[in-house]
Each structure stands twice: as C-alpha cells, then as structure tokens.
Amino acid sequence: MTRKGFPGFNSKDRYIDELLANQERELAELRKEPEEREREQQENLYKQEEQLTKQETRKMMVSATLAGLAIGMVFIGAMFLFIMFCINVWFK
C-alpha cells in the first residue's frame, strides 16, 4: 500500500520510503548465507567487461592527457601570478 492517496504526501515522504526500501535491500543482502555471497562475488569476478576499441582507447588517453595539462597550466598560472604579486606588490 502506498501513501499517494493520502493528503500531505510529498517528496520528503517519498525520500523516506526510498530510504527504507534501500535499507531492506541491504538487510536482505546481509541475511544471505556466506556461501551464497561468496558464490555471487566469484561470478562477478569472471564477468568480462566490454573492451574498448583502439580508437576509443586513444581518444580516452588523449582526453585524459589534455585534462591533466589543463589542470597543470592552471596551477602554473596561479604560481606565476603569486610570484608577480610578491615581486610587484608585497615586497615593494
């Protein structure tokens, strides 16, 4: 039975319902026998994930490299501005 028909049903009530449902799922997982949990973990280990193509791998590597360079440039720029501030304002 849901509370949708009752007055005062709002997003807070929905959040509480979802929270309780998540807790029930977690408790069900914990109540499993250790052998069953171990068997499920072993099955998950052997599942093969989809392999990326060479083009996708190269694109991901280039994107990650460019992101790292961009972050590095931000830090170098901040250091440069700090040094310029020290030379031209603070130490004068």
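## Exercises on an open helical chain

The chain has an accessible surface of about 9,200 Å², and 62% of this belongs to carbon and sulfur atoms; areas come from the Shrake-Rupley method with a 1.4 Å probe, and for residues only the protein chains shown count as cover. The model is predicted, so local features need pLDDT of at least 70 and side-chain atom pairs count only at pLDDT 80 or more, while totals for chains, interfaces and linings use all residues. Residues are numbered from 1 along each chain as its sequence is written, and side-chain values use heavy atoms, with hydrogens and water left out.

**Exercise 1.** Describe the secondary structure and the burial of α3.

*Solution.* Begin with the elements, where helices (H or I, at least four residues) and strands (E, at least two) are DSSP runs numbered from the N terminus. The chain holds 3 helices and 0 strands, in the order α-α-α along the sequence. Finally, consider burial (buried is under 20% relative accessible area, exposed over 50%, partly exposed in between; 1.4 Å probe, protein chains only). Because the number buried among the 37 residues of α3 is 1, this helix lies largely in the open; of the 92 residues of the chain, 2% count as buried.

**Exercise 2.** Work out how the rings of Trp90 and Phe91 are arranged.

*Solution.* Rings of Phe, Tyr and Trp (its six-membered ring) pair if their centres lie within 6.5 Å, and planes under 30 degrees apart count as stacked, over 60 as edge-to-face and the rest as tilted. The whole structure contains 3 aromatic pairs. One of them joins Phe85 and Trp90, tilted, at 6.3 Å centre to centre and 40° between the planes. The centres of Trp90 and Phe91 are 5.9 Å apart with planes at 10°, so this pair is stacked. Phe82, Phe85, Trp90 and Phe91 form one aromatic cluster.

**Exercise 3.** State whether Phe91 is buried or exposed.

*Solution.* Phe91, in the segment after α3 (54-90), has a relative accessible area of 61% and is therefore exposed. Trp90 is exposed at 55%, whereas Phe85 is partly exposed at 40%.
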